[in-house]
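This report goes through selected features of one structure, element by element. Please look at the sequence and the model first, then read on.

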Amino acid sequence: MSGGMSGGMSGGMSGGMSGGMSGGMSGGMSGGMSGSIVSADALILNRAAIVGPFSGAVLHVNEPAFDQAANLALWTDGPRIEACFTQLVEGLLFKTDGKPGKAALEFANLQARSIQPKRLVTLRAPTGAQFRKQLDLVAAYADLRADRGAEIVDQQAPPMAFWSSMLGLTAHRHKKTLQLMDLAFSLSIFVEMRFKHIFASLRPVAMSPQIQPMIETPGHGSWPSGHATEAFAVAVLLEALLNAASSRNGSPNGTECHEQLQRLAARIATNRVVAGVHFPVDSAAGRLLGTALAEFLVARATGTKVHERGFDGRLFEGPGGEPLDFSLHQSMDHTSGHAYTRSASNTGVGSAPLVAWLWKEALKEWA
């Protein structure tokens with residue numbers, strides 16, 4: 001996921017991502033007139049035959065209003081998502097605080113009268129010794145390759161079919177939802193690639209000739225896992241969207257889907273360990289990062305608040321220092337003293353009108 005999509009991102013951040021993904025996920029899948037192919041020569045010949053003397057501007061048109069989110073409805077998929085993406089990431093800051101092994105993601109609302117950065121995520125990498133201990137888990141997971149090989153290969157690209165199978169996502173009914181997911185992928189890659197560079201963690205294959213990954217090892221850092229970040233960002237985003245679209249009667253649909261969404265995200269993450277290209281601790285950090293990014297995206301779309309989240313890889317081990325495997329049973333809501341942390345207080349991050357427009361349009365698809 002992160003490997004394949006980062007190529008498009010490097011060509012133009014959201015350009016390669018939104019243009020390629022939205023075209024494939026929503027725009028290209030919707031078919032319609034885009035499937036028609038007419039040669040330029042045919043159009044030239046046809047115009048010459050029917051146009052007659054030029055009469056000037058005779059049509060009555062409504063000029064779009066200046067800088068309005070509703071204008072997003074006028075654009076094709078790629079430019080629409082690019083506009084949303086640029087507003088979403090405007091104000092994100094990466095900080096290292098001068099301390100090796102520790103980095104943070106902050107956000108400053110650049111449209112506010114008083115610009116004050118607010119911390120969203122703090123990451124502390126495991127030690128080299130901890131990564132080496134984790135290698136035993138990676139080697140053990142290789143026994144599952146024969147069973148999961150088809151999944152692993154298919155999940156190298158954004159695993160849209162897996163999410164669609166769970167929720168019945170279709171291009172003709174859920175075009176804006178797919179674009180919102182596209183936005184979550186773009187945000188995840190934007191953040192994860194910077195963190196991967198900062199921490200510069202080696203892949204399992206660099207530590208043993210016996211790992212022998214079943215797929216090509218991506219050409220970027222291992223920690224945190226991009227697949228895990230993206231999968232959990234989508235899981236949390238979809239849960240929030242379904243909850244917001246649900247009626248007030250009974251348990252909301254997102255809550256009802258929570259377990260399946262989380263299990264799918266975890267399986268996508270773990271499959272990368274099975275493949276031999278990640279450590280379990282990579283998945284754990286990706287789970288935390290993806291959750292935080294989805295919460296940020298939803299908050300920017302709805303004007304709600306977020307809690308600062310953190311992951312300390314040095315604490316991701318057993319009581320005797322033994323390597324710890326990744327599990328959904330590990331709570332992410334501790335306030336301190338654990339690998340996963342979540343602050344008790346919350347903070348506002350302002351609203352992003354363009355993202356809010358896309359969110360509201362996606363909600364209509366689940367009504």
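In which loop is Pro224 found? Pro224 is found in the loop between helix 8 (175–199) and helix 9.

## Basis of the report

The model is predicted, so local features need pLDDT of at least 70 and side-chain atom pairs count only at pLDDT 80 or more, while totals for chains, interfaces and linings use all residues. Residues are numbered from 1 along each chain as its sequence is written, and side-chain values use heavy atoms, with hydrogens and water left out.

Helices (H or I, at least four residues) are DSSP runs, numbered from the N terminus. Residues are called buried under 20% relative accessible area, exposed over 50% and partly exposed in between (1.4 Å probe, protein chains only).

The peptide bond from Trp223 to Pro224 is cis, with omega near -5°. The loop that holds Pro224, between helix 8 and helix 9, also contains Ala200. Ala200 is not a glycine, yet its phi is positive, near 45°. With a relative accessible area of 53%, Ala200 is exposed.

Asp67 is another non-glycine residue with a positive phi, of about 50°. Asp67 sits in the loop between helix 3 (40–50) and helix 4, and at 66% relative accessibility it counts as exposed.

## Helix 4

Helix 4 covers residues 77–89, which is 13 residues. From first C-alpha to last it reaches 18 Å, close to the 18 Å expected at 1.5 Å a residue; the expected span is 1.5 Å times one less than the number of residues. Buried residues of helix 4 include Ile81, Cys84, Phe85 and Leu88. After the helix comes Gly91, whose phi is positive, near 105°.

Arg80 and Asp77 form a salt bridge, with their closest N and O atoms 3.3 Å apart. The term stands for a side-chain nitrogen of Lys or Arg within 4 Å of a carboxyl oxygen of Asp or Glu. The two residues are three apart in helix 4 and are therefore separated by about one helical turn. An α-helix has 3.6 residues a turn, so residues three or four places apart point the same way. Both partners count as buried: Arg80 has 4% relative accessibility, and Asp77 has 9%.

## Other salt bridges

The count of salt bridges comes to 10. One of them joins Glu259 and Arg263, at 2.3 Å from N to O. Both residues lie in helix 10 (residues 253–274), four residues apart, about one turn of the helix. Glu259 counts as partly exposed at 44% relative accessibility, and Arg263 counts as partly exposed at 46%.

Arg314 and Asp312 also meet through their side chains in a salt bridge, at 2.7 Å from N to O. Arg314 is partly exposed, with a relative accessible area of 36%, whereas Asp312 is buried, at 14%.

## A buried charge without a salt bridge

Glu239 is found in helix 9 (residues 226–245). It is buried yet has no salt bridge. The nearest side chain of opposite charge is that of Arg309, 9.9 Å away; here Lys and Arg count as positive and Asp and Glu as negative, and His and the chain ends are not counted.

Which residues does Glu239 contact, leaving aside its neighbours within four places in sequence? They are Gly254, Thr255, His258 and Leu261. Contact means heavy atoms within 4.5 Å.

## Helix 11 and helix 12

Helix 11 (residues 280–302) has 23 residues and reaches 33 Å from its first C-alpha to its last, close to the 33 Å expected at 1.5 Å a residue. Because 21 of its 23 residues are buried, helix 11 is largely enclosed by the rest of the structure. Gly303 follows helix 11 and has a positive phi, near 75°.

Two packed helices are described by the angle between their axes and the distance between the axes. The axes of helix 11 and helix 12 (residues 353–364) come within 7 Å and cross at roughly 95°. Axes are lines fitted to C-alpha atoms, for helices over the stretch in contact, and angles run from 0 to 180 degrees between N-to-C directions. Helix 11 and helix 12 are therefore roughly perpendicular to each other, a term that covers 65 to 115 degrees. Leu297, Val298, Ala301 and Thr302 in helix 11 meet Val355, Ala356 and Trp359 in helix 12.

Conventions. Angles under 35 degrees count as roughly parallel, over 145 as roughly antiparallel, 65 to 115 as roughly perpendicular and the rest as oblique.
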